[in-house]
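Subject: Structure handover

Hello,

Here is the structure, followed by notes on what was found in it. Please read the notes with the coordinates open.

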Amino acid sequence: MFIGHYGLAFMIKKKFREIPLWFVFLTVQLTDIVAFILVFLGLERAVYRQSANPFFRNDLDLPYSHSLIGSILLAGILYAILILAKQKSWALIGALGVLSHWLIDFIVHTPDLSLFFGYMKTGLGLWNYPTLSFGIEIILVCAGWLILGYRNGASFLLLFLLLGSFSGMFFGREPEAIKNSQVIRTAIVLIPTLLFIGLAYVSERNERKKRRGERI
Ligand SMILES: [Zn+2]
């Protein structure tokens, strides 16, 4: 899934108010960030594939970052680090955020996710229905954004960029430069991810300032 992970992040944040939004954003996308690093190191693969279905333009081989065992390990490592840092509530949400990525990907991916480091490939294949998949992701993000209820410049920009980048991917064509480079292919996922995390931080800070101002 692409932006749908953030929809869930908005909802998690609404439920656990003491956990920062930027942190929830980071955890739901940590799996993709790790995938970027592994592709960059040549340990995983994401190459262009010609397809009329925009969700199938990536030929993926992500045996470590996107295997069930890999995401359990990643969640465990994050959990352990945060427990050592005496952030117990962050630790639990962080681990759940990491695991949520694999579970949501499991619903949409065709069988290119594995259970165990490249073995036992699985995926329910919602991407076989691109219009439905597109609609579900848009609804997830809009619902999460509305439920969380931040209304400031940064949060509107965040919503606009989430919907805009995803729609661009869905309706647009891939530039040649992106097609031919694995690193660029993953960088166009990583750079927006970092931008969204930054905007999540600013939108929460602005919201807090706004609410403090209203109370005075
Ligand atoms: Zn992913």
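A nonpolar core here means a set of buried Ala, Val, Leu, Ile, Met, Phe, Trp, Tyr and Cys residues joined through C-beta atoms within 7 Å. A residue is buried if 20 or more other C-beta atoms lie within 10 Å of its own, exposed if 12 or fewer, and partly exposed in between, with C-beta atoms placed from the backbone. The model is predicted: local features need pLDDT of at least 70 and side-chain atom pairs count only at pLDDT 80 or more, while totals for chains, interfaces and linings use all residues. Residues are numbered from 1 along each chain as its sequence is written.

Core. The largest nonpolar core has 42 residues, and those with the most contacts inside it include Tyr6, Phe25, Leu162 and Phe196. Two or more residues each come from α1, α2, α3, α4, α5, α6 (153–171) and α8 (182–215); helices (H or I, at least four residues) and strands (E, at least two) are DSSP runs, numbered from the N terminus. The largest share, 13 residues, is from α2. Leucine 162 is in contact (C-beta atoms, placed from the backbone, within 7 Å) with Ile3, Tyr6, Val141 and Phe196, leaving aside neighbours within four places in sequence.

Helix α4. The 21 residues of α4 should span 30 Å at 1.5 Å a residue, and the end C-alpha atoms are 31 Å apart, which agrees; the expected span is 1.5 Å times one less than the number of residues. Its buried residues, among them Trp90, His101, Trp102 and Phe106, pack against α1 (4–15), α2 (21–40), α3 (68–84), β3, β4 (119–122) and α5 (130–148). Isoleucine 107 also lies in α4, but is partly exposed because it has 15 other C-beta atoms within 10 Å. Its C-alpha is 8.5 Å from that of methionine 1, 106 residues apart in sequence.

Histidine 109 sits in the loop between α4 (88–108) and β3 (113–116). It counts as buried because it has 22 C-beta neighbours inside 10 Å. Leaving aside neighbours within four places in sequence, histidine 109 contacts Gly123 and Trp127.

Positive phi. Lysine 86, not a glycine, has a positive phi of about 60°. It is in the loop between α3 and α4 and is exposed, with 8 other C-beta atoms within 10 Å. Phenylalanine 117 has a positive phi near 40°; it is in the loop between β3 and β4 and is partly exposed, with 13 other C-beta atoms within 10 Å.

Regards

Key:
Contact = placed C-beta atoms within 7 Å.
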